[in-house]
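Open the model in your viewer and keep the selection panel at hand. The stops below are meant to be taken in order.

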4 protein chains.
Amino acid sequence: MGNSLGKLFIITSFGESHGRCVGITIDGCPTGLPITEEDIQREVDKRKPGVSMAATKRAEEDKVEILSGIFNGITTGAPICLVIWNRDIDSSEYEKARFLPRPGHADYTAFMKYGGFNDFRGGGRFSGRITASFVMAGAIAKKLLNLIGIEVLAHTIEIGGVKAEPKGFDEIKENIQKNPIKCADLKAAEAMAKAIEKVKEEGDSLGGIIEGIALNIPVGLGEPVFGTLEGDLAKALFAIPAVKGVEFGSGFSAARKRGSENNDLFTIRNGKIVTVTNNAGGILGGISNGMPIVVRVAIKPTSSIAKSQQTVNIKDMENASLTVKGRHDVCIVPRAVAVVESMMAVTLCDFAMRAELIPRVIK
Amino acid sequence: MGNSLGKLFIITSFGESHGRCVGITIDGCPTGLPITEEDIQREVDKRKPGVSMAATKRAEEDKVEILSGIFNGITTGAPICLVIWNRDIDSSEYEKARFLPRPGHADYTAFMKYGGFNDFRGGGRFSGRITASFVMAGAIAKKLLNLIGIEVLAHTIEIGGVKAEPKGFDEIKENIQKNPIKCADLKAAEAMAKAIEKVKEEGDSLGGIIEGIALNIPVGLGEPVFGTLEGDLAKALFAIPAVKGVEFGSGFSAARKRGSENNDLFTIRNGKIVTVTNNAGGILGGISNGMPIVVRVAIKPTSSIAKSQQTVNIKDMENASLTVKGRHDVCIVPRAVAVVESMMAVTLCDFAMRAELIPRVIK
Amino acid sequence: MGNSLGKLFIITSFGESHGRCVGITIDGCPTGLPITEEDIQREVDKRKPGVSMAATKRAEEDKVEILSGIFNGITTGAPICLVIWNRDIDSSEYEKARFLPRPGHADYTAFMKYGGFNDFRGGGRFSGRITASFVMAGAIAKKLLNLIGIEVLAHTIEIGGVKAEPKGFDEIKENIQKNPIKCADLKAAEAMAKAIEKVKEEGDSLGGIIEGIALNIPVGLGEPVFGTLEGDLAKALFAIPAVKGVEFGSGFSAARKRGSENNDLFTIRNGKIVTVTNNAGGILGGISNGMPIVVRVAIKPTSSIAKSQQTVNIKDMENASLTVKGRHDVCIVPRAVAVVESMMAVTLCDFAMRAELIPRVIK
Amino acid sequence: MGNSLGKLFIITSFGESHGRCVGITIDGCPTGLPITEEDIQREVDKRKPGVSMAATKRAEEDKVEILSGIFNGITTGAPICLVIWNRDIDSSEYEKARFLPRPGHADYTAFMKYGGFNDFRGGGRFSGRITASFVMAGAIAKKLLNLIGIEVLAHTIEIGGVKAEPKGFDEIKENIQKNPIKCADLKAAEAMAKAIEKVKEEGDSLGGIIEGIALNIPVGLGEPVFGTLEGDLAKALFAIPAVKGVEFGSGFSAARKRGSENNDLFTIRNGKIVTVTNNAGGILGGISNGMPIVVRVAIKPTSSIAKSQQTVNIKDMENASLTVKGRHDVCIVPRAVAVVESMMAVTLCDFAMRAELIPRVIK
């Protein structure tokens with residue numbers, strides 16, 4: 001259990017890193033939406049390693065295939081099943097280190113929870129590769145959100161301590177295309193790339209922070225008290241491996257502000273109620289207030305590192321040491337940008353459907 | 001919709017700040033658990049304003065009443081319904097300011113989402129008072145967790161920029177009883193109290209950070225990929241009004257660490273696998289690893305402040321100014337401590353039941 | 001668990017027969033619906049014992065009370081909590097026979113499932129009294145359905161082997177008001193009443209069949225393959241104690257027909273596609289086809305009878321005999337009519353909301 | 001939405017009759033269960049047309065393929081995805097009759113609900129072929145139930161008015177293997193086969209009744225009031241196309257009995273509490289009582305018949321006539337036997353897991 005998400009736009013993830021495929025079913029997608037394998041492929045390609053140094057050597061084609069729910073290029077109302085077949089698999093390293101859990105990785109908890117029966121090859125269900133299926137679902141969610149004008153965007157704002165300067169939405173959109181780091185501050189992007197390069201040489205890894213933004217959000221998304229917009233977005237974002245923190249608007253810094261500083265004053269602009277600032281990150285009382293939704297996600301450094309680390313042999317119950325071989329990203333932040341975007345889109349799409357903003361049949 | 005939480009231990013919140021009552025139903029509670037109104041009352045009392053200066057002037061008795069599901073002091077397997085009747089109600093200020101949404105509060109989004117039909121008195125469903133029902137559910141969840149040795153504790157670690165020094169679990173447990181701020185660092189507690197006092201005089205408000213800890217967690221709680229322990233805890237915690245950020249273990253600071261620093265090395269201690277550090281906050285791959293669960297929650301400053309603020313009249317669609325009267329906490333952090341504890345307990349109880357650690361019939 | 005029903009219009013039942021109250025919460029009810037305690041009371045009164053001979057001697061006032069979710073007589077979007085307080089309680093007989101399960105009743109299974117901790121007084125959660133809470137939810141569902149022209153009606157078509165002649169919808173609607181049996185065939189109603197009277201004298205009980213009809217159903221309600229209209233209606237109807245069979249349209253008799261007889265031919269009438277017959281009971285492929293929904297529900301004879309019956313003493317594990325005292329209906333069919341109507345309304349309302357036919361805010 | 005079923009053992013159906021495949025994902029299956037493609041294939045083969053005259057001419061190989069969740073022949077705890085690829089597809093007849101809905105079939109409702117975008121070829125999602133995916137899930141559920149001794153069996157008890165004599169469980173189990181009708185009364189089976197043969201010649205179709213039995217059921221399965229064993233079994237069984245009625249134990253005939261006749265008396269046999277009769281079909285108050293669960297399912301005659309029938313052209317909105325070509329079963333009852341068995345198994349498995357009778361890790 002636990003592999004489905006959503007109430008009206010329901011995604012169910014399946015597949016393993018070194019199994020037959022990674023896949024996703026989407027139940028509840030409105031009927032009449034034009035969508036092709038190419039549309040989905042385009043999104044999945046955003047998750048591709050964009051910069052040689054930062055990313056895994058695994059060279060997957062990651063070719064999207066539609067198994068059901070789309071007929072003549074249009075959604076039918078039936079559940080959509082999408083898969084990416086696994087091809088470039090080398091599980092040898094994993095076989096060798098099977099009983100040596102990588103520090104910081106899910107190897108140990110997965111072994112314990114599933115009684116040692118889990119498919120450990122390539123991290124199995126705990127591989128970043130699983131997020132390719134999130135992106136497939138995100139591709140469809142984005143198409144649906146576009147119908148009502150909602151745009152979702154994520155970008156790298158920090159890696160290894162290097163922080164990006166804040167930029168406007170359009171500049172972000174444009175600049176993240178220009179560098180493999182997906183950072184809107186081009187100078188910072190360069191510094192981040194260098195930091196990654198350096199750490200790679202040392203056999204170590206880096207984390208960072210991704211910011212997600214959603215524009216043109218109507219007022220009223222969110223179902224408090226337990227279906228808040230923050231709560232459901234956070235739940236979706238914590239599904240991304242390596243995410244250890246989620247904050248909205250002024251987030252943790254709000255804890256240091258006074259009410260008079262943090263409250264966003266209301267005003268009328270062009271006949272519409274808006275707030276002067278956006279410390280709330282577009283959400284008040286768990287409900288969207290019409291301002292941009294702003295969320296930041298902390299990504300821990302990749303746990304698989306080339307340095308020797310202390311671990312235990314879980315079979316023999318004795319201390320051991322481990323040098324991870326396999327093929328791993330030194331910093332997954334740039335590739336996770338597309339995943340953050342996708343999980344935001346999937347969640348917002350579900351909320352938009354609950355608010356009856358996306359019709360069940362698109363005409 | 002959105003007022004239920006949980007899969008096997010399912011809570012449904014109802015009630016309004018100035019309506020008849022606030023209440024909660026709990027479906028799925030195991031049978032055979034001894035529980036009295038006093039047991040629940042004790043937890044609810046922890047939410048009471050402990051320090052005159054910091055808290056609302058509303059003087060509710062907050063008397064817990066069991067309506068169903070408990071017979072002869074023992075849970076029956078039937079849904080448990082618990083209520084606290086509202087008695088000390090003064091809605092006059094709210095009537096006056098009905099169309100003037102408080103900056104930073106849910107007034108505006110609630111009005112828009114519910115077409116102006118929402119019960120606005122005292123914030124209605126968006127009042128902190130609703131969390132008294134969370135604490136009632138938490139009281140039962142804690143009792144169940146105690147059966148399997150799990151202990152949940154929350155404490156204030158920061159208010160208005162004043163930070164507490166880290167303390168050990170036992171010291172935290174003892175010290176938070178000694179001050180109304182619920183801070184384990186007694187010196188910091190005093191400084192926090194002073195900061196609150198000062199801000200109160202200025203008609204302003206403060207936020208802060210609460211840390212939640214859960215001890216004696218078995219390995220294996222959590223249902224990835226979408227039912228991660230982090231994700232479901234975060235979803236539950238964001239149900240608390242004013243929470244704007246949630247992080248686990250090293251959280252946002254992990255973004256600045258290297259893998260070699262952030263990875264928790266495994267070792268064997270007393271025949272058990274443990275980690276040397278706990279940057280993971282007790283969770284790897286969305287599953288508990290047996291170490292203490294550590295979560296931090298950012299609480300924004302109370303939005304209702306005595307200072308005049310700019311707002312709009314939503315009925316007449318014109319700019320306006322507002323000085324909130326009503327009765328409000330200058331800093332809700334100390335009172336929210338019990339709520340954080342409760343939402344953690346409710347969520348962990350649900351996960352423990354999914355892992356079949358709590359029997360359906362207790363004997 | 002198991003005490004909630006519905007996806008968007010979600011009801012959660014609580015309370016016991018001899019506890020404090022029976023109640024229900026409704027989460028997801030659209031905002032802006034005018035509803036008063038009187039509106040709900042009127043529906044609950046339909047469940048009242050209408051004919052002295054057929055019904056329990058328990059004389060409950062069954063007074064509906066709104067605890068939350070309705071403000072100034074209008075739904076607010078917050079969860080609605082409704083209760084009926086229990087007043088006329090005499091649990092003495094139940095105490096005496098606590099370990100002697102009534103044949104045909106849930107006494108035995110409840111004892112075993114809940115480890116003997118269940119509230120056995122008056123049947124606890126398994127009392128027909130619980131269905132008063134279903135009727136409260138049904139009252140609101142009917143109001144919502146009325147907004148889109150859907151009308152739901154149930155009537156007695158068989159008791160103790162006496163069958164009613166088929167009648168048209170309007171005649172049913174009128175005639176069921178005229179007799180306590182709620183049977184549209186007035187002659188049959190009389191025969192049924194006599195049959196009940198006779199069986200009562202013998203200390204025995206009777207069952208029967210109730211037919212539910214829903215008119216003005218739009219085409220397209222139902223979410224196959226697992227959310228069929230038949231499946232969800234059946235699930236809701238089996239929640240009524242004593243229901244042992246559910247069939248739609250020609251139902252079990254379809255098993256004896258040929259396709260050419262059972263297929264409902266399509267034709268155009270007044271510019272609308274209709275079927276010439278309605279063997280499908282208004283449902284094709286799990287989806288409404290626009291014809292009236294017709295469902296029949298088999299009610300077993302009341303299990304509590306005044307005759308001596310063989311049972312076992314579950315405590316001492318020995319054979320025993322039992323003569324049920326308490327206060328019981330000889331035939332619950334007439335009172336169950338309102339409950340069948342309510343469960344149909346609740347389910348159809350949920351489907352209508354899934355199909356976005358009822359707006360989230362009513363203006 | 002609506003394509004998932006279950007709470008802890010959750011199946012999600014996807015695929016179309018003439019699309020790429022029919023498939024199912026299973027989330028929540030315990031870890032450590034040995035299962036092979038052959039195990040599943042064996043169950044799927046039971047759905048194969050066993051008697052030329054009764055069944056479709058479509059000659060699918062129906063080869064089961066495991067896409068995820070099983071590693072080295074053992075379940076891993078990850079979601080299991082199973083598919084059967086479609087190969088022998090001829091959609092030509094469907095293209096021709098696209099706007100002429102078959103009377104009694106879902107063509108009309110599907111067209112209307114999904115705005116004409118549904119994949120109509122071969123009935124799309126409304127084809128009996130979809131039930132092959134139910135049987136795949138059933139194969140796994142049965143394996144799990146076997147671990148705790150539960151056996152599920154279905155058999156044909158009526159076709160075209162020919163009724164089978166009641167038989168004991170062992171005789172049923174043996175005899176249904178001997179004839180393609182899957183009827184335990186071999187003489188009746190012959191008569192049924194003849195009836196089918198005759199109707200086939202006439203270009204017509206037949207329905208019938210299937211009985212499902214589950215043995216060795218522990219006391220206590222079921223989650224009243226809304227998660228009754230009857231309600232959830234019925235919901236699952238109504239997912240099978242053509243099912244129009246479901247009854248338990250004495251079912252509709254209970255409506256004609258007196259309490260003294262219908263009540264199952266309790267007695268002690270071999271130190272266990274049992275009932276002397278089983279009119280309750282093994283379920284009291286929505287909870288299993290330890291006796292065999294007995295359910296009967298009414299199957300309507302196949303709607304696709306070779307006779308000319310009146311219909312409408314939904315595009316041109318005019319009356320029309322239709323002679324269904326395609327390839328269809330004259331009577332689906334024998335093939336539906338395996339499906340009834342599967343839906344029972346899936347539902348009972350879910351309930352057994354909720355009752356914590358099947359461990360999450362099998363050792």
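Strands here are DSSP runs of E of at least two residues and helices are runs of H or I of at least four, both numbered from the N terminus; two strands pair if DSSP finds at least two bridges between them. Within this pair, A:Val246 faces B:Val246 of E11(B).

This is a predicted model, in which local features need pLDDT of at least 70 and side-chain atom pairs count only at pLDDT 80 or more, while totals for chains, interfaces and linings use all residues. Residues are numbered from 1 along each chain as its sequence is written, and chains are lettered from A and ligands numbered from 1 in the order in which they are written.

Now show the contacts, counted where C-beta atoms placed from the backbone lie within 7 Å. In these terms 89 residues of chain A are in contact with 90 residues of chain B. On the side of chain A that touches chain B, 40 residues are nonpolar, 32 polar and 17 charged. Nonpolar here covers Ala, Val, Leu, Ile, Met, Phe, Trp, Tyr, Cys and Pro; charged covers Asp, Glu, Lys and Arg; the others, Gly among them, are polar. Of the interface residues of chain A, 100% are also interface residues in chain B, so the copies meet through the same surface.

**Strand E16 of chain A**

Return to E11(A) and step across to E16(A): 5 bridges join these two strands, which run antiparallel. A:Glu247 stands opposite A:Arg296 of E16(A). Next select strand E10 of chain A, residues 208–215, which pairs with E16(A) in the antiparallel sense over 7 bridges. There the bridge partner of A:Ile213 is A:Val294 in E16(A).

Is E16(A), residues 293–299, buried or exposed? 7 of its 7 residues are buried, so the strand is largely enclosed by the rest of the structure. A residue counts as buried if 20 or more other C-beta atoms lie within 10 Å of its own, exposed if 12 or fewer, and partly exposed in between, with C-beta atoms placed from the backbone.

Show the side chains. In a regular strand they alternate between the two faces of the sheet. From E16(A), A:Ile293, A:Val295, A:Val297 and A:Ile299 point one way, while A:Val294, A:Arg296 and A:Ala298 point the other way.

Follow chain A into the loop between E10 and helix H7 (229–237), where A:Val225 lies. The peptide bond joining A:Pro224 and A:Val225 is cis, with omega about 10°. In chain D, the bond from D:Pro224 to D:Val225 is cis with omega near 5°, and D:Val225 lies in the loop between strand E10 (208–215) and helix H7 (229–237) of that chain.

In chain C, select C:Asn216, in the loop between strand E10 (208–215) and helix H7 (229–237). Its phi is positive, about 65°, although C:Asn216 is not a glycine. C:Asn216 is partly exposed, with 13 other C-beta atoms within 10 Å.

Then move to C:Met317, in the loop between strand E17 (308–313) and strand E18 (318–323) of chain C. Phi of C:Met317 is near 50°, a positive value in a residue other than glycine. C:Met317 counts as exposed, with 12 C-beta neighbours inside 10 Å.

**An open sheet in chain C**

Stay in chain C and colour the 5 strands of the open sheet, in the order E1-E2-E3-E7-E4, with antiparallel pairing. Strands E1 (4–5) and E4 (64–68) stand at the edges with a single partner strand each, so one side of each has no neighbour in the sheet. Inspect the pair formed by E2 (residues 10–15) and E3 (residues 21–27) of chain C, antiparallel over 6 bridges. C:Ile10 stands opposite C:Asp27 in E3(C).

Note on methods. Two residues are in contact if their C-beta atoms, placed from the backbone, lie within 7 Å.
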